[in-house]
Amino acid sequence: KVPIKGIERELICPACKELFTHPLILPCQHNVCHKCVKEILFAFEDSFADGGSESSNQSSPRIRISSSSMDRIDRISRSGIKRNSLTPRSTLFPCPGCQRDIDLGERGINGLFRNLTLETIVERYRQAARAAIAIMCDFCKPPPQESTKSCMDCSASYCNECFKIHHPWGTAKAQHEYVGPTTNFRPKILMCPEHEMERVNMYCEICRRPVCHLCKLGGSHANHRVTTMNTAYKTLKEKLSKDIEYLISKESQVKAHITQLDLLLKETECNSERAKKEAFQSFEKLSHVLEEKKSAALRAIEASKNLRLEKLQTQVEEYQGLLENNGLVGYAQEVLKETDPSCFVPTAKQLHVRIQKATESLKSFTPAAETTFEDFVVDIGKQEEILGDLSFHSNGLEIPEINEELSRMYNKALISWECPGKTDSADLYVLEYHKLDREEESVTWQEIEVCSKSKVISDLDDDSSYAFRVRGYKGSVYSPWSREVILRTPPAPVFSFLFDDKCGYNSEHLLLNTRRTSVESRAGYPLLLGSERMQVGCYTTLDYIIGDTGIAKGKHFWAFHVEAYSYLVKVGVVSSNKIQKLFHNTHDVTSPRYEQDSGHDSGSEDAFFDSSQPFTLVTLGMKKFFIPTTPAASKDPSSRILPLPSSLGICLDCDRGKVGFYDAGRMKCLYECEVDCSGVMYPAFALMGGAAVHLEEAVTSKYGQYHDDI
């Protein structure tokens with residue numbers, strides 16, 4: 001028989017750290033007090049309503065929510081999860097037992113079962129703890145008598161006399177179930193929380209919870225594997241009994257492990273004291289070195305100060321001698337009183353030289369010593385950085401490396417990193433970043449703690465460069481910083497749109513995916529059939545598609561990538577008042593270059609063709625980016641052909657009437673030109689032959705938030 005005192009740890013709620021009161025079984029199989037669940041959910045609701053963690057920290061003093069739980073509440077509240085206004089409580093619950101976010105389902109707290117078995121055990125523990133404290137009768141007139149029994153049907157305690165009065169012989173109440181005095185009244189029949197009039201009689205093996213026959217017939221457990229409650233009872237009781245018997249049979253082994261753990265506890269204490277002593281000695285050595293350096297620096301400054309003061313004081317005395325009736329001037333005045341020439345001349349000659357030097361010093365006054373001590377400024381920048389990285393030996397903790405291919409800047413920054421050995425040796429990572437600003441003298445790094453190997457960062461300034469670095473932590477040990485990686489944000493806020501499948505969309509030639517984020521041009525039978533109408537030297541028409549959202553003002557940026565196999569793709573913008581010309585452009589039917597009666601020679605049509613277009617597009621294809629010809633452009637065609645970037649971006653500035661085409665990976669402008677923004681501007685794309693364009697997906701957090709940016 002296990003002593004009640006030995007199981008106290010199993011009877012403590014992980015939230016309030018007190019004995020369970022009406023514990024509820026969470027889907028993760030942990031138990032939490034009914035009141036604690038409500039208080040955590042109220043804190044959760046407050047964090048949603050106020051948009052921060054300050055109000056959520058003002059929960060009941062009874063509950064002790066850990067900092068990690070509060071961090072997860074704040075994280076979920078900031079992640080943008082939408083809640084149904086008809087649901088009074090959020091369905092996500094941060095379990096204080098396993099530190100995970102648990103989905104409570106549509107019914108929330110009302111869908112949880114009470115752990116009646118745990119309640120009974122807790123009540124037995126309480127009775128053992130308060131054996132000397134009597135349970136009084138609930139119906140006696142003051143003063144109440146000590147109760148002798150409790151009725152489970154009435155949920156009340158009675159003395160002998162009151163029990164006879166309220167449970168008379170020959171009535172239905174006489175058949176009530178009664179036990180010894182207790183304060184724990186559990187229901188005789190467990191009812192289904194979803195169907196309150198139905199008792200549970202089955203056990204869902206998938207969800208690991210009791211269900212009723214309505215849950216199995218048409219409820220959320222319709223397709224789940226269930227068994228009868230008696231079968232589940234026998235199976236689980238048999239398994240639990242076998243496991244307990246096995247543990248009891250291994251009692252000697254458990255005691256051996258306990259003895260070993262006791263030794264490890266003592267060894268840990270000794271080793272920690274030794275480590276503290278060594279760390280103290282190391283820092284004492286550094287402190288002695290710093291004290292010596294400080295003393296030497298202060299002595300040097302003091303010596304320099306005394307020497308300078310002496311020189312300046314001497315100079316002061318010399319200038320005081322130039323005053324009337326004082327010093328050199330007074331002496332000269334006395335010499336002038338000499339009337340004997342033979343005596344005056346030797347003395348006056350020597351005195352005249354001194355007077356001339358004093359006169360020259362008045363004309364060009366220079367202090368005898370500098371007052372500044374700029375030469376004595378101690379530069380500790382490098383030492384500060386070294387001391388900042390001062391840590392325990394890393395013991396093989398690998399230096400993480402930021403993966404520039406997986407990291408990207410778009411509507412938000414996604415920074416990803418990995419360890420060279422491909423092993424997750426760190427428990428925690430710290431990501432730091434700062435904006436590169438030439439005007440700022442000192443750099444202030446912003447720090448974020450991350451448990452995974454990637455992080456999404458919001459609220460970065462547009463058209464700015466940022467430096468990123470990361471280091472790994474394992475307990476109190478951390479690795480050196482990774483190499484700094486510099487990434488640049490887009491030149492303008494990101495504009496989100498989808499391909500328009502209605503306006504001018506040619507479903508015979510173009511193929512859209514279901515999300516309308518990718519379009520593909522297939523060189524199939526429609527293109528071959530259309531070529532029958534083409535003359536020799538003519539090219540087939542381009543298939544155009546535009547975005548489903550327009551831009552009326554402001555500066556906006558969007559990005560996409562073109563498949564490497566694409567033969568011909570044109571990208572740019574088109575005005576709303578010229579969309580009809582876009583889809584009925586006669587220049588797409590036949591080229592004047594090859595018409596016999598056009599009168600144009602080869603190469604003379606480029607300027608005419610570009611200037612006559614009702615839209616602004618650049619040409620891509622065959623892994624190349626073609627810069628349009630302009631009067632100021634180089635005559636060498638090779639200078640207008642650039643390698644096709646992996647990701648392209650377009651920046652439209654309606655206020656300035658400019659459109660720029662960017663290498664979206666480096667945020668470098670490849671070509672910029674003027675554009676007429678008199679109407680609403682739409683992103684425009686044209687494809688011919690085998691080609692495909694994919695819109696860049698918005699960067700979103702990884703905590704199940706909605707794609708608000710799309």
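Reader: How many aromatic pairs does the count come to?
Author: This is a predicted model, in which local features need pLDDT of at least 70, side-chain atom pairs count only at pLDDT 80 or more, and totals for chains, interfaces and linings use all residues. Residues are numbered from 1 along each chain as its sequence is written, and side-chain values use heavy atoms, with hydrogens and water left out. Rings of Phe, Tyr and Trp (its six-membered ring) pair if their centres lie within 6.5 Å. By this rule, the aromatic pairs come to 15.

Reader: Which kind of aromatic pair do tyrosine 473 and tyrosine 478 form?
Author: Planes under 30 degrees apart count as stacked, over 60 as edge-to-face, and the rest as tilted. For tyrosine 473 and tyrosine 478, the centres are 5.0 Å apart and the angle between the planes is 40°. The name for this pair is therefore tilted.

Reader: Is tyrosine 478 buried or exposed?
Author: Buried means under 20% relative accessible area, exposed means over 50%, and partly exposed is in between (1.4 Å probe, protein chains only). Tyrosine 473, at 21%, is partly exposed. Tyrosine 478 has a relative accessible area of 13%, so it counts as buried.

Reader: How many residues apart are phenylalanine 497 and tryptophan 558?
Author: These two form an edge-to-face aromatic pair, 6.0 Å centre to centre with 90° between the planes. Both phenylalanine 497 and tryptophan 558 are buried. Strands are DSSP runs (E, at least two residues), as are helices (H or I, at least four), numbered from the N terminus. Phenylalanine 497 is in the loop between strand S20 and strand S21, while tryptophan 558 is in strand S24, so the pair links distant parts of the chain, and the residues apart number 61.

Reader: Is histidine 167 buried or exposed?
Author: Look in the loop between helix H4 (160-166) and strand S8 (178-179) to find histidine 167. Contact means heavy atoms within 4.5 Å, and histidine 167 touches residues including Cys151, Cys154 and His176. Its relative accessible area is 7%, so histidine 167 is buried.

Reader: Over which ring does the charged end of arginine 469 sit?
Author: A charge sits over a ring if NZ of Lys or CZ of Arg is within 6 Å of the ring centre and within 35 degrees of the ring normal. One such case is lysine 149, 5.0 Å from the centre of the ring of phenylalanine 163. For arginine 469, at 4.2 Å from the centre, the ring is that of tryptophan 481.

Reader: Which strands stand at the edges, each with a single partner strand?
Author: Two strands pair if DSSP finds at least two bridges between them. Here three strands form an open antiparallel sheet in the order S2-S1-S5, and S1 and S2 pair over three bridges. A single partner leaves one side of each edge strand without a neighbour in the sheet, and the edge strands are S2 and S5.

Methods: Lists of a residue's contacts leave out its neighbours within four places in sequence.
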